[in-house]
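Dear colleague,

Please find below the structure for your records. A short account of the findings follows it.

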Amino acid sequence: MLTFTTENIFLLGSLLVLISILISKTGYRFGIPTLLLFLFTGMAFGSEGLGLNFDSPKDTQFIGMIALSIILFSGGMDTKYKEIKPIIGPGIVLSTLGVVLTTVLTGSFIFGLSQWGGIDVKLSLMVSMLLAATMSSTDSASVFNLLRSQRMGLKHRLRPILELESGSNDPMAYMLTLVLMDVVLSGTHFSVQGLAVNLLEQFLLGGAIGYCAGRITVWLINHINLPNTALYPVLLLCMVFITFTLTDVVHGNGYLAVYIAGLVVGNSRLSYRREMATFLDGLTWLLQIVLFLTLGLLVNPSEMAGVSLMALAIGLFIMFVSRPISVIICLLPYPKIPWRAKTFLSWVGLRGAVPIIFATYPLINNIEGADIIFNIVFFITLISLLVQGTTISFIARKLNLDLPEEKTGNEFGVEIPEELGSQLKEVILTDEMLENGNLLSEMNIPKNTLVMMVKRGKSIIVPNGKLKMEKGDILLCLSGGR
């Protein structure tokens, strides 16, 4: 059996990442979530596959912490405040009350199933609730990845609701997991008041530090004069890790802090935004691959066979009972959200890397039944990604919730720095626009607007006042500025 060593870790790691990328290209054509393929690749190369030995929940947890920090920050940067402002209410309710309801409903079902379901696995009420808590949040990595890869829009602001929920519900699930784990370890009674105080502390500190860190990051990027533009993404990365660790040290929630910091940075005027966005996009993909590969390597598929029936029952209960009921109850104060949208929100309750990472905490703390918890969570994650992840587009179309993909960028691939205060706009020429003449000098172009380029077919033309324009030409116009 081959193990990871200092000498071969880069070779084996690079080969695994390369193989995952190549496999994901094929899977994407068939609508299979790429993250699921990364999991399968890790399992195929693991100890029960081709023989790579990796058995360290602590290392997995550490890799997960790093990966989720970047994934959440990147997700926050890509979320526009103007999009989430109208849906902050339902998004926050889903990410807090929704997590609690999912935990209580699922935990009760697990306890009943283990006691009276005629199966060999017997779990106490608190261990059942702990298992439910690890799976109570939707996974940010899976949701961000799938929504961005489906290439379609969604009606009723469903996309920002899902992104806000998945980006902000990890703190609640994290706290429930830790509190219930302490109850199981110490044998003390569960305290609702203690949980409420801890959650309030986590949310207040995480939110405050995240916001302040985001403002500091924006100020640094816009005012510091670094000798090389390649250093700005590195600066951004350092601020992400400082935000997470500082929040964790003072007992706030680091995951919430980095998400809010990302929101602040992404919705501020920022120098070198394009360079940093490109860097983060590539880094996020790398970390997602590494994270899911690691999780795949950690699991022993044969151990899941013994809990497969129980895990299948729990997974179906979450999909069709606890998640829909939680969504319906949470959205009762929002009657303007139609039932079709609530149905879709219920279906896109994806489980992914976060539940598996949370399931490593019982393993590390040697809780009785921790292996069972981990294997059940892993099995349910596979079911969720395979069933829900592959049907998002289909369900959206069936519910008539899909929209054409919103166009980003422009036909010319040109961007300008935000600090200039100018805007790029595309104009497609029509017959009416050419009635007064077909020269730029004869057209009624608004003041302070410059036609930079013209796209005609596949050709790009740099215009002047004597260029004869044609119907269908696309003009790239620069307007505004200081």
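Helices (H or I, at least four residues) and strands (E, at least two) are taken here as DSSP runs, numbered from the N terminus. On that basis, the secondary structure of the chain amounts to 19 helices and eight strands. The radius of gyration of the chain is 25 Å, close to the 23 Å given by the globule rule for 482 residues, so the chain is as compact as a globular protein of that length. Please note that this is a predicted model.

The C-alpha trace spans about 85 × 60 × 45 Å along its principal axes. Of the 482 residues, 51% count as buried. Among contacts between residues at least 6 apart in sequence, 79% join residues at least 24 apart.

Two helix pairs may be of interest.

Helix α5 (residues 88-116) packs with helix α15 (residues 308-330) at an angle of about 145°, and their axes lie 9 Å apart. The crossing is right-handed. Residues of α5 in this contact include Leu97, Leu101 and Phe109, and those of α15 include Ile314, Phe317 and Ile325. By class, the contact of α5 with α15 comprises 17 nonpolar, six polar and no charged residues.

Helix α9 (residues 170-186) and helix α10 (residues 192-223) pack at about 140°, with axes 10 Å apart. The two helices are therefore oblique to each other, and their crossing is right-handed. Among the residues that make the contact are Pro171, Met172 and Tyr174 of α9, together with Leu195, Asn198 and Phe203 of α10. This contact of α9 with α10 has nine nonpolar, two polar and no charged residues.

Yours sincerely

Notes: Residues numbered from 1 in each chain as written. Predicted model: local features only at pLDDT ≥ 70, side-chain atom pairs only at ≥ 80, totals over all residues. Heavy atoms only, no water. Axes fitted to C-alpha atoms, helices over the stretch in contact; angles between N-to-C directions. Parallel < 35°, antiparallel > 145°, perpendicular 65-115°, else oblique. Left-handed = near helix turned anticlockwise from the far one by under 90°. Contact = heavy atoms within 4.5 Å. Nonpolar A, V, L, I, M, F, W, Y, C, P; charged D, E, K, R; others polar. Rg over C-alpha atoms; globule rule 2.2 N^0.38 Å. Buried < 20%, exposed > 50% of the residue type's maximum accessible area, 1.4 Å probe, protein only.
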